[in-house]
Amino acid sequence: MNGQMKRYKESLANMPEPILLSQCPKIKLDLRGLMKYAREKGVKVIELTEKEKEAFIRD
């Protein structure tokens, strides 16, 4: 086994277990509204503050 394959197998061993979709919390996000808001503001969605993003989360 060459060094590259050895590093790959080591990285797999150190990788955390995946999170299943069923384990994720159920929230509804108005993604269209969020993107429209960011566009109107002239920024990217990632540049919005957490408070601005939370306005588009509905339970």
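Mentor: A polar contact is a pair of N or O atoms within 3.5 Å. Keep in mind that this model is predicted.

Trainee: Which backbone nitrogen lies 2.9 Å from a polar atom of the side chain of asparagine 2?

Mentor: That of methionine 5. Asparagine 2 itself sits in the segment before α1, which covers residues 3-14.

Trainee: How far is asparagine 2 from aspartate 59?

Mentor: Their C-alpha atoms are separated by 51 Å. Along the chain, the two are 57 residues apart.

Trainee: Next, the aromatic rings. How many aromatic pairs does the structure hold?

Mentor: One. Tyrosine 37 and phenylalanine 56 form it, with ring centres 5.6 Å apart and 50° between the planes. Planes under 30 degrees apart count as stacked, over 60 as edge-to-face and the rest as tilted. This pair is therefore tilted.

Trainee: Where do the two partners sit?

Mentor: Tyrosine 37 is in helix α2. Phenylalanine 56 is in the loop between α3 (50-54) and β2 (57-58). They are 19 residues apart, and the pair links distant parts of the chain.

Trainee: Is phenylalanine 56 buried or exposed?

Mentor: Buried means under 20% relative accessible area, exposed over 50%, partly exposed in between. Phenylalanine 56 has 16% relative accessibility, so it counts as buried. Tyrosine 37 has 29%, so it counts as partly exposed.

Trainee: Now a charged side chain. Why does glutamate 52 count as buried?

Mentor: Because its relative accessible area is 16%. Its place is in helix α3.

Trainee: What does the side chain of glutamate 52 reach at 2.9 Å?

Mentor: The backbone nitrogen of threonine 49. There is also a side-chain link: a polar contact of 2.3 Å joins glutamate 52 and lysine 41.

Trainee: Which residues does glutamate 52 touch, not counting those up to four places away in sequence?

Mentor: Tyr37 and Lys41. You have met both already. Tyr37 is a partner in the aromatic pair, and Lys41 makes the polar contact.

Trainee: Last, the surface. Which residues make the nonpolar surface patch?

Mentor: Ile27, Leu29, Leu31, Met35 and Ile57. The patch is about 440 Å². Patch residues need over 30% relative accessible area.

Trainee: Take one member. Where does methionine 35 lie, and why does it count as partly exposed?

Mentor: Methionine 35 lies in helix α2, residues 31-41. Its relative accessibility is 40%, so it counts as partly exposed. Helix α2 also holds tyrosine 37.

Note on methods. Residues numbered from 1 in each chain as written. Predicted model: local features only at pLDDT ≥ 70, side-chain atom pairs only at ≥ 80, totals over all residues. Heavy atoms only, no water. Patch = residues over 30% accessible without salt bridge, like charges linked within 9 Å, V, L, I, M, F, W, Y side chains within 5 Å. Areas by Shrake-Rupley, 256 points an atom, 1.4 Å probe, with all protein chains shown as cover. Salt bridge = Lys/Arg side-chain N within 4 Å of Asp/Glu carboxyl O. Helix = DSSP H or I, 4+ residues; strand = E, 2+ residues; numbered from the N terminus. Buried < 20%, exposed > 50% of the residue type's maximum accessible area, 1.4 Å probe, protein only. Phe/Tyr/Trp six-rings, centres within 6.5 Å; stacked < 30°, edge-to-face > 60°. Polar contact = N/O pair within 3.5 Å; in protein donor to acceptor, adjacent residues only side chain to side chain. Contact = heavy atoms within 4.5 Å.
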